Amino acid sequence: ECGVLQGVHQARENSGGVNYQIVAVIRLLSVREADSQVWAQIDELMDHEKERRQDVGEWKMFQRDVVDVIKRVKNEVDDDLIHRLIGVLNINSVGLRFKKERILGRALYPLLSRVSHSCVSNARYTVNPEDFSVVLRARKNILEGEEITINYLPPVYGVPKRKQEISNEWYFNCKCPRCSDVTEFGTFVSALKCSDCREGLILPEDSQEGSLWRCRFCMNPFESAMIQKMVQNLEDQLHDISTHNHTVKSFETFIRKNSQYLHLKHYLNLIAQRHIIELLSRESKITREACKKSIRLCKSYMSTMSRLDPGYSEWMGSVLKNMNKAQLELLKLDLQENLINRNEFSTKSEEVWNSMTDVDRCGVLCTPVKGRGDNM
(Lines give C-alpha, C1' and ligand atoms only; values in the text may rest on other atoms or scores of the structure.)
Protein backbone atom coordinates (compact mmCIF):
# COMPACT_ATOMS: atom_id res chain seq x y z
CA GLU A 1 0.00 0.00 0.00
CA CYS A 2 2.82 2.43 0.87
CA GLY A 3 4.38 2.05 -2.56
CA VAL A 4 1.06 2.76 -4.27
CA LEU A 5 0.40 5.78 -2.04
CA GLN A 6 3.87 7.13 -2.74
CA GLY A 7 3.10 6.91 -6.44
CA VAL A 8 -0.23 8.64 -5.87
CA HIS A 9 1.51 11.44 -3.98
CA GLN A 10 3.91 11.93 -6.87
CA ALA A 11 1.07 11.80 -9.39
CA ARG A 12 -0.80 14.52 -7.51
CA GLU A 13 2.36 16.68 -7.51
CA ASN A 14 1.69 19.92 -5.64
CA SER A 15 -2.03 19.52 -5.03
CA GLY A 16 -1.37 19.59 -1.27
CA GLY A 17 -2.72 17.53 1.62
CA VAL A 18 -3.85 13.92 1.72
CA ASN A 19 -6.94 12.89 -0.22
CA TYR A 20 -8.33 10.25 2.10
CA GLN A 21 -10.93 9.27 -0.50
CA ILE A 22 -8.01 7.99 -2.59
CA VAL A 23 -6.56 6.14 0.40
CA ALA A 24 -9.90 4.47 1.11
CA VAL A 25 -10.39 3.37 -2.49
CA ILE A 26 -6.85 1.95 -2.67
CA ARG A 27 -7.48 -0.02 0.50
CA LEU A 28 -10.66 -1.48 -0.96
CA LEU A 29 -8.71 -2.44 -4.06
CA SER A 30 -6.19 -4.18 -1.79
CA VAL A 31 -9.00 -6.07 -0.05
CA ARG A 32 -10.33 -7.11 -3.46
CA GLU A 33 -6.94 -8.59 -4.33
CA ALA A 34 -6.18 -10.23 -0.96
CA ASP A 35 -9.35 -11.21 0.91
CA SER A 36 -12.04 -12.85 -1.19
CA GLN A 37 -14.41 -13.41 1.76
CA VAL A 38 -14.44 -9.77 2.88
CA TRP A 39 -14.54 -8.55 -0.70
CA ALA A 40 -17.61 -10.71 -1.36
CA GLN A 41 -19.42 -8.80 1.43
CA ILE A 42 -18.27 -5.41 0.12
CA ASP A 43 -19.19 -6.28 -3.47
CA GLU A 44 -22.81 -6.84 -2.42
CA LEU A 45 -23.18 -3.27 -1.12
CA MET A 46 -25.10 -0.67 -3.12
CA ASP A 47 -23.29 2.22 -4.83
CA HIS A 48 -26.28 4.05 -6.42
CA GLU A 49 -24.31 4.74 -9.60
CA LYS A 50 -27.37 5.82 -11.59
CA GLU A 51 -28.41 8.42 -9.02
CA ARG A 52 -24.86 9.69 -8.43
CA ARG A 53 -24.26 10.20 -12.15
CA GLN A 54 -27.10 12.74 -12.18
CA ASP A 55 -24.87 15.14 -10.24
CA VAL A 56 -22.55 15.78 -13.17
CA GLY A 57 -20.33 18.22 -11.28
CA GLU A 58 -19.64 15.82 -8.42
CA TRP A 59 -19.09 12.89 -10.81
CA LYS A 60 -16.51 14.88 -12.77
CA MET A 61 -14.83 15.97 -9.53
CA PHE A 62 -14.38 12.34 -8.44
CA GLN A 63 -13.16 11.44 -11.93
CA ARG A 64 -10.51 14.16 -11.78
CA ASP A 65 -9.45 13.98 -8.12
CA VAL A 66 -9.73 10.24 -7.47
CA VAL A 67 -10.18 8.06 -10.55
CA ASP A 68 -7.60 9.74 -12.80
CA VAL A 69 -5.04 9.92 -9.97
CA ILE A 70 -5.37 6.24 -9.07
CA LYS A 71 -5.22 5.24 -12.75
CA ARG A 72 -1.76 6.82 -13.02
CA VAL A 73 -0.34 4.24 -10.61
CA LYS A 74 -2.80 1.37 -11.21
CA ASN A 75 -3.71 1.72 -14.86
CA GLU A 76 -5.02 -1.85 -15.00
CA VAL A 77 -8.00 -0.89 -12.83
CA ASP A 78 -11.20 -0.03 -14.69
CA ASP A 79 -12.75 3.45 -14.26
CA ASP A 80 -16.14 1.93 -13.52
CA LEU A 81 -14.72 -0.16 -10.65
CA ILE A 82 -13.13 2.91 -9.02
CA HIS A 83 -16.38 4.87 -9.36
CA ARG A 84 -18.25 1.92 -7.87
CA LEU A 85 -15.90 1.83 -4.87
CA ILE A 86 -16.35 5.59 -4.39
CA GLY A 87 -20.10 5.01 -4.32
CA VAL A 88 -19.81 2.08 -1.89
CA LEU A 89 -17.76 4.25 0.47
CA ASN A 90 -19.99 7.33 0.21
CA ILE A 91 -23.23 5.40 0.69
CA ASN A 92 -22.23 2.81 3.26
CA SER A 93 -19.42 4.16 5.44
CA VAL A 94 -20.16 5.67 8.86
CA GLY A 95 -18.73 8.82 10.38
CA LEU A 96 -16.29 8.56 13.29
CA ARG A 97 -15.76 11.45 15.68
CA PHE A 98 -13.90 10.90 18.93
CA LYS A 99 -12.97 14.24 20.49
CA LYS A 100 -10.92 12.80 23.35
CA GLU A 101 -8.79 10.68 21.02
CA ARG A 102 -8.79 13.42 18.33
CA ILE A 103 -10.04 10.97 15.74
CA LEU A 104 -12.16 12.19 12.84
CA GLY A 105 -12.92 10.09 9.79
CA ARG A 106 -15.11 7.42 8.19
CA ALA A 107 -15.12 3.63 8.29
CA LEU A 108 -16.77 0.90 6.25
CA TYR A 109 -18.37 -2.03 8.07
CA PRO A 110 -19.90 -4.35 5.43
CA LEU A 111 -22.01 -6.29 7.94
CA LEU A 112 -23.34 -3.13 9.62
CA SER A 113 -24.14 -1.72 6.18
CA ARG A 114 -26.76 -4.44 5.76
CA VAL A 115 -28.83 -2.93 8.58
CA SER A 116 -31.65 -0.82 7.15
CA HIS A 117 -32.65 2.67 8.23
CA SER A 118 -35.82 3.61 10.07
CA CYS A 119 -36.67 6.96 11.68
CA VAL A 120 -38.20 4.82 14.46
CA SER A 121 -35.27 2.45 14.87
CA ASN A 122 -34.93 -0.42 17.32
CA ALA A 123 -31.12 -0.67 17.46
CA ARG A 124 -28.00 1.47 17.82
CA TYR A 125 -24.35 0.85 16.98
CA THR A 126 -21.21 2.03 18.77
CA VAL A 127 -17.59 2.03 17.58
CA ASN A 128 -14.67 1.43 19.92
CA PRO A 129 -12.02 4.14 19.29
CA GLU A 130 -9.23 1.80 20.43
CA ASP A 131 -9.62 -0.89 17.79
CA PHE A 132 -12.51 0.51 15.68
CA SER A 133 -14.62 -2.58 16.30
CA VAL A 134 -18.37 -2.05 16.08
CA VAL A 135 -21.22 -3.40 18.22
CA LEU A 136 -24.94 -3.30 17.42
CA ARG A 137 -27.34 -3.30 20.38
CA ALA A 138 -31.12 -3.34 20.77
CA ARG A 139 -32.69 -0.08 22.02
CA LYS A 140 -35.95 -1.76 22.96
CA ASN A 141 -37.61 -5.17 22.77
CA ILE A 142 -37.44 -6.60 19.25
CA LEU A 143 -40.09 -9.10 18.28
CA GLU A 144 -39.25 -12.38 16.56
CA GLY A 145 -39.15 -11.76 12.82
CA GLU A 146 -38.99 -7.97 13.22
CA GLU A 147 -36.37 -6.24 11.08
CA ILE A 148 -33.42 -4.71 12.93
CA THR A 149 -33.03 -1.04 12.02
CA ILE A 150 -30.84 1.95 12.89
CA ASN A 151 -31.44 5.67 12.47
CA TYR A 152 -29.15 7.42 10.01
CA LEU A 153 -30.05 10.89 11.35
CA PRO A 154 -30.60 12.56 14.74
CA PRO A 155 -34.21 11.74 15.74
CA VAL A 156 -35.01 15.34 16.67
CA TYR A 157 -35.08 16.52 13.02
CA GLY A 158 -38.51 16.96 11.43
CA VAL A 159 -39.65 14.75 8.57
CA PRO A 160 -39.19 17.27 5.69
CA LYS A 161 -35.56 17.80 6.70
CA ARG A 162 -35.08 14.07 7.24
CA LYS A 163 -36.51 13.18 3.84
CA GLN A 164 -34.31 15.73 2.09
CA GLU A 165 -31.10 14.58 3.79
CA ILE A 166 -31.87 10.89 3.30
CA SER A 167 -32.59 11.50 -0.38
CA ASN A 168 -29.44 13.59 -0.86
CA GLU A 169 -27.08 11.30 1.05
CA TRP A 170 -28.51 7.79 0.58
CA TYR A 171 -30.75 8.14 -2.49
CA PHE A 172 -33.94 6.61 -1.17
CA ASN A 173 -37.33 7.80 0.02
CA CYS A 174 -37.98 6.74 3.61
CA LYS A 175 -41.43 5.24 4.10
CA CYS A 176 -41.21 4.37 7.78
CA PRO A 177 -44.25 4.99 10.04
CA ARG A 178 -42.97 8.40 11.10
CA CYS A 179 -42.28 9.60 7.56
CA SER A 180 -45.71 8.37 6.46
CA ASP A 181 -47.47 10.54 9.06
CA VAL A 182 -47.36 14.30 8.37
CA THR A 183 -48.16 14.99 12.06
CA GLU A 184 -45.23 12.77 13.14
CA PHE A 185 -47.28 10.79 15.68
CA GLY A 186 -49.22 13.88 16.71
CA THR A 187 -46.14 15.82 17.85
CA PHE A 188 -46.29 18.40 15.01
CA VAL A 189 -42.51 18.90 15.24
CA SER A 190 -42.41 20.22 11.66
CA ALA A 191 -45.57 22.36 11.88
CA LEU A 192 -45.55 26.12 11.32
CA LYS A 193 -48.15 28.66 12.39
CA CYS A 194 -50.30 30.13 9.62
CA SER A 195 -49.35 33.74 8.85
CA ASP A 196 -52.76 34.39 7.25
CA CYS A 197 -55.41 33.21 9.71
CA ARG A 198 -53.17 33.10 12.82
CA GLU A 199 -55.23 30.11 13.94
CA GLY A 200 -54.15 26.96 12.08
CA LEU A 201 -51.01 24.91 11.68
CA ILE A 202 -49.28 24.51 8.32
CA LEU A 203 -48.36 20.93 7.39
CA PRO A 204 -47.62 19.03 4.18
CA GLU A 205 -50.70 17.71 2.38
CA ASP A 206 -49.13 14.26 2.15
CA SER A 207 -45.91 12.43 2.97
CA GLN A 208 -44.31 12.85 -0.47
CA GLU A 209 -41.14 14.96 -0.70
CA GLY A 210 -41.91 18.41 -2.14
CA SER A 211 -45.60 18.15 -1.28
CA LEU A 212 -47.67 21.33 -1.10
CA TRP A 213 -48.13 22.64 2.46
CA ARG A 214 -51.54 23.84 3.63
CA CYS A 215 -53.05 25.49 6.71
CA ARG A 216 -55.36 23.04 8.45
CA PHE A 217 -57.71 25.85 9.51
CA CYS A 218 -58.05 28.30 6.60
CA MET A 219 -56.74 25.83 3.96
CA ASN A 220 -54.38 28.41 2.42
CA PRO A 221 -51.58 26.71 0.40
CA PHE A 222 -47.85 27.29 0.82
CA GLU A 223 -45.12 26.14 -1.55
CA SER A 224 -42.67 23.59 -0.17
CA ALA A 225 -39.68 25.66 -1.37
CA MET A 226 -40.89 28.69 0.58
CA ILE A 227 -41.35 26.63 3.76
CA GLN A 228 -37.93 25.05 3.32
CA LYS A 229 -36.24 28.44 2.84
CA MET A 230 -37.92 29.90 5.92
CA VAL A 231 -37.05 26.96 8.18
CA GLN A 232 -33.46 26.88 6.88
CA ASN A 233 -33.09 30.58 7.69
CA LEU A 234 -34.28 29.97 11.26
CA GLU A 235 -32.03 26.92 11.54
CA ASP A 236 -29.06 29.05 10.47
CA GLN A 237 -29.95 31.57 13.17
CA LEU A 238 -30.09 28.82 15.78
CA HIS A 239 -26.74 27.43 14.64
CA ASP A 240 -25.20 30.89 14.90
CA ILE A 241 -26.47 31.19 18.49
CA SER A 242 -25.10 27.78 19.43
CA THR A 243 -21.72 28.73 17.94
CA HIS A 244 -21.26 32.36 18.99
CA ASN A 245 -23.79 33.21 21.72
CA HIS A 246 -24.30 30.03 23.70
CA THR A 247 -26.39 31.30 26.65
CA VAL A 248 -29.74 30.43 28.20
CA LYS A 249 -31.03 33.91 27.47
CA SER A 250 -30.13 33.77 23.77
CA PHE A 251 -31.90 30.42 23.24
CA GLU A 252 -34.96 31.61 25.15
CA THR A 253 -34.99 34.74 22.99
CA PHE A 254 -34.88 32.57 19.86
CA ILE A 255 -37.92 30.57 21.03
CA ARG A 256 -39.86 33.67 22.04
CA LYS A 257 -39.01 35.68 18.92
CA ASN A 258 -40.10 32.90 16.58
CA SER A 259 -43.23 31.86 18.49
CA GLN A 260 -45.33 33.54 15.78
CA TYR A 261 -43.85 31.22 13.14
CA LEU A 262 -42.99 27.91 14.83
CA HIS A 263 -45.28 25.48 16.58
CA LEU A 264 -44.34 25.17 20.25
CA LYS A 265 -43.01 21.63 19.67
CA HIS A 266 -41.22 22.44 16.40
CA TYR A 267 -37.90 20.62 16.21
CA LEU A 268 -35.94 23.88 16.20
CA ASN A 269 -37.55 24.76 19.54
CA LEU A 270 -36.70 21.28 20.81
CA ILE A 271 -33.06 21.78 19.82
CA ALA A 272 -33.04 25.15 21.61
CA GLN A 273 -34.63 23.54 24.68
CA ARG A 274 -31.94 20.84 24.74
CA HIS A 275 -29.25 23.54 24.71
CA ILE A 276 -30.98 25.32 27.61
CA ILE A 277 -31.19 22.07 29.61
CA GLU A 278 -27.47 21.43 29.14
CA LEU A 279 -26.56 25.02 30.08
CA LEU A 280 -28.71 24.96 33.22
CA SER A 281 -27.05 21.71 34.32
CA ARG A 282 -23.63 23.43 34.23
CA GLU A 283 -24.54 26.52 36.26
CA SER A 284 -22.46 26.82 39.41
CA LYS A 285 -25.08 28.75 41.35
CA ILE A 286 -28.07 26.53 42.16
CA THR A 287 -31.38 28.34 42.42
CA ARG A 288 -34.94 27.16 42.87
CA GLU A 289 -35.99 28.94 39.69
CA ALA A 290 -33.27 27.26 37.59
CA CYS A 291 -34.13 23.80 39.00
CA LYS A 292 -37.83 24.21 38.25
CA LYS A 293 -37.10 25.49 34.76
CA SER A 294 -34.80 22.54 34.06
CA ILE A 295 -37.36 20.00 35.31
CA ARG A 296 -40.13 21.59 33.24
CA LEU A 297 -38.04 21.65 30.06
CA CYS A 298 -36.82 18.07 30.59
CA LYS A 299 -40.36 16.76 31.02
CA SER A 300 -41.56 18.70 27.97
CA TYR A 301 -38.64 17.47 25.83
CA MET A 302 -39.06 13.83 26.87
CA SER A 303 -42.83 13.85 26.37
CA THR A 304 -42.29 14.76 22.70
CA MET A 305 -39.13 12.82 21.92
CA SER A 306 -40.36 9.60 23.54
CA ARG A 307 -43.15 9.48 20.95
CA LEU A 308 -40.76 10.15 18.07
CA ASP A 309 -37.91 7.95 19.27
CA PRO A 310 -39.09 5.30 21.76
CA GLY A 311 -36.48 3.16 23.46
CA TYR A 312 -33.18 3.79 25.19
CA SER A 313 -31.00 6.47 23.59
CA GLU A 314 -28.28 9.05 24.13
CA TRP A 315 -30.77 11.92 24.40
CA MET A 316 -32.93 10.02 26.92
CA GLY A 317 -29.97 9.25 29.18
CA SER A 318 -28.70 12.84 29.08
CA VAL A 319 -32.06 14.58 29.59
CA LEU A 320 -33.25 12.16 32.28
CA LYS A 321 -29.94 12.54 34.14
CA ASN A 322 -30.22 16.34 34.06
CA MET A 323 -33.83 16.19 35.27
CA ASN A 324 -32.87 13.87 38.14
CA LYS A 325 -30.03 16.20 39.09
CA ALA A 326 -32.38 19.21 39.16
CA GLN A 327 -34.95 17.26 41.20
CA LEU A 328 -32.33 16.28 43.78
CA GLU A 329 -31.02 19.86 44.01
CA LEU A 330 -34.58 21.11 44.49
CA LEU A 331 -35.13 18.56 47.28
CA LYS A 332 -31.94 19.78 48.98
CA LEU A 333 -33.21 23.35 48.86
CA ASP A 334 -36.56 22.23 50.28
CA LEU A 335 -34.74 20.48 53.14
CA GLN A 336 -32.51 23.48 53.84
CA GLU A 337 -35.54 25.77 53.97
CA ASN A 338 -37.47 23.32 56.17
CA LEU A 339 -40.16 22.81 53.56
CA ILE A 340 -39.76 19.05 53.99
CA ASN A 341 -38.35 16.91 56.80
CA ARG A 342 -35.54 14.37 56.52
CA ASN A 343 -37.89 11.41 56.12
CA GLU A 344 -39.67 13.12 53.20
CA PHE A 345 -36.31 14.04 51.71
CA SER A 346 -35.09 10.44 51.96
CA THR A 347 -38.27 9.00 50.42
CA LYS A 348 -38.42 11.46 47.52
CA SER A 349 -34.68 11.18 46.86
CA GLU A 350 -35.02 7.40 46.65
CA GLU A 351 -37.74 7.81 44.02
CA VAL A 352 -35.43 9.98 41.94
CA TRP A 353 -32.50 7.58 42.28
CA ASN A 354 -34.68 4.67 41.17
CA SER A 355 -35.16 6.35 37.78
CA MET A 356 -31.38 6.39 37.34
CA THR A 357 -31.71 2.76 36.23
CA ASP A 358 -32.92 4.02 32.84
CA VAL A 359 -30.00 6.47 32.71
CA ASP A 360 -27.60 3.57 33.30
CA ARG A 361 -29.24 1.50 30.56
CA CYS A 362 -28.88 4.39 28.13
CA GLY A 363 -25.24 4.65 29.15
CA VAL A 364 -24.64 0.97 28.43
CA LEU A 365 -26.30 1.33 25.03
CA CYS A 366 -24.08 4.27 24.06
CA THR A 367 -20.77 3.03 25.52
CA PRO A 368 -18.38 1.26 23.13
CA VAL A 369 -17.63 -2.36 24.01
CA LYS A 370 -13.96 -3.25 24.28
CA GLY A 371 -12.71 -6.37 22.58
CA ARG A 372 -16.12 -7.81 21.65
CA GLY A 373 -17.03 -6.02 18.45
CA ASP A 374 -16.88 -6.88 14.77
CA ASN A 375 -14.05 -5.22 12.84
CA MET A 376 -16.03 -5.40 9.61
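The structure is a predicted model, in which local features need pLDDT of at least 70 and side-chain atom pairs count only at pLDDT 80 or more, whereas totals for chains, interfaces and linings use all residues. Residues are numbered from 1 along each chain as its sequence is written, and side-chain values use heavy atoms, with hydrogens and water left out.

Helices (H or I, at least four residues) and strands (E, at least two) are taken as DSSP runs and numbered from the N terminus. A nonpolar core is defined as a set of buried Ala, Val, Leu, Ile, Met, Phe, Trp, Tyr and Cys residues joined through side-chain atoms within 4.5 Å. The largest such core holds 47 residues, of which Val156, Ile202, Phe254, Tyr267, Leu268 and Tyr301 touch the most other members. At least two residues of this core are supplied by each of β9 (213-215), α8 (224-244), α9 (248-257), α10 (267-282), α11 (288-308), α12 (314-336) and α14 (356-366). In soluble globular proteins, nonpolar side chains tend to be buried together. With contact taken as heavy atoms within 4.5 Å, and with neighbours within four places in sequence left aside, Leu268 is in contact with Val231, Leu234, Glu235, Leu238, Phe254 and Leu262.

Helix α7 (residues 159-170) contains Lys161. The twelve residues of α7 reach 15 Å from the first C-alpha to the last, close to the 16 Å expected at 1.5 Å a residue, the expected span being 1.5 Å times one less than the number of residues. Within α7, the buried residues are Val159, Lys161, Arg162, Lys163, Ile166 and Trp170, and what covers them includes α6 (79-92), β3 (116-117), α8 and α10. Just after α7, Tyr171 takes a positive phi of about 60 degrees.

Lys161 counts as buried because its relative accessibility is 14%. When neighbours within four places in sequence are left aside, Lys161 is in contact with Glu235 and Tyr267. The side chains of Lys161 and Glu235 are joined by a polar contact of 3.0 Å, a polar contact being a pair of N or O atoms within 3.5 Å, where within protein one must be able to donate a hydrogen and the other to accept it, and where residues adjacent in sequence count only if both atoms are side-chain atoms. Lys161 also forms a salt bridge with Glu165, the closest N and O atoms being 3.1 Å apart; a salt bridge here is a side-chain nitrogen of Lys or Arg within 4 Å of a carboxyl oxygen of Asp or Glu. Because Glu165 and Lys161 are four residues apart in helix α7, about one helical turn separates them. Glu165, at 25% relative accessibility, counts as partly exposed.

A search of the whole structure finds 20 salt bridges. In one of these, the side chains of Arg84 and Asp47 meet at 3.7 Å, N to O. This pair links distant parts of the chain, with Arg84 in helix α6 and Asp47 in the loop between α3 (36-43) and α4 (49-53), 37 residues apart. Both Arg84 and Asp47 are buried, and a network of salt bridges links Asp43, Asp47, Arg52 and Arg84. The side chains of Arg288 and Asp334 likewise meet in a salt bridge of 2.7 Å, N to O. Here too the pair links distant parts of the chain, Arg288 in helix α11 and Asp334 in helix α12 being 46 residues apart. Arg288 counts as partly exposed at 23% relative accessibility, whereas Asp334 is buried, with a relative accessible area of 14%.

Strands β1 (residues 94-98) and β2 (residues 103-107) run antiparallel and are joined by five bridges, pairing being assigned if DSSP finds at least two bridges between two strands. Gly95 stands opposite Arg106 in β2. Four residues lie between the strands of this hairpin, in which Arg102 takes a positive phi near 55 degrees.

Positive phi values also occur in loops. Glu184, although not a glycine, has a positive phi of about 55 degrees and lies in the loop between α7 and β7 (192-193); Glu184 is buried, with a relative accessible area of 1%. Arg198, also not a glycine, has a positive phi of about 65 degrees and lies in the loop between β7 and β8 (201-204). Arg198 is exposed, with a relative accessible area of 56%.

Definitions and conventions
Buried < 20%, exposed > 50% of the residue type's maximum accessible area, 1.4 Å probe, protein only.
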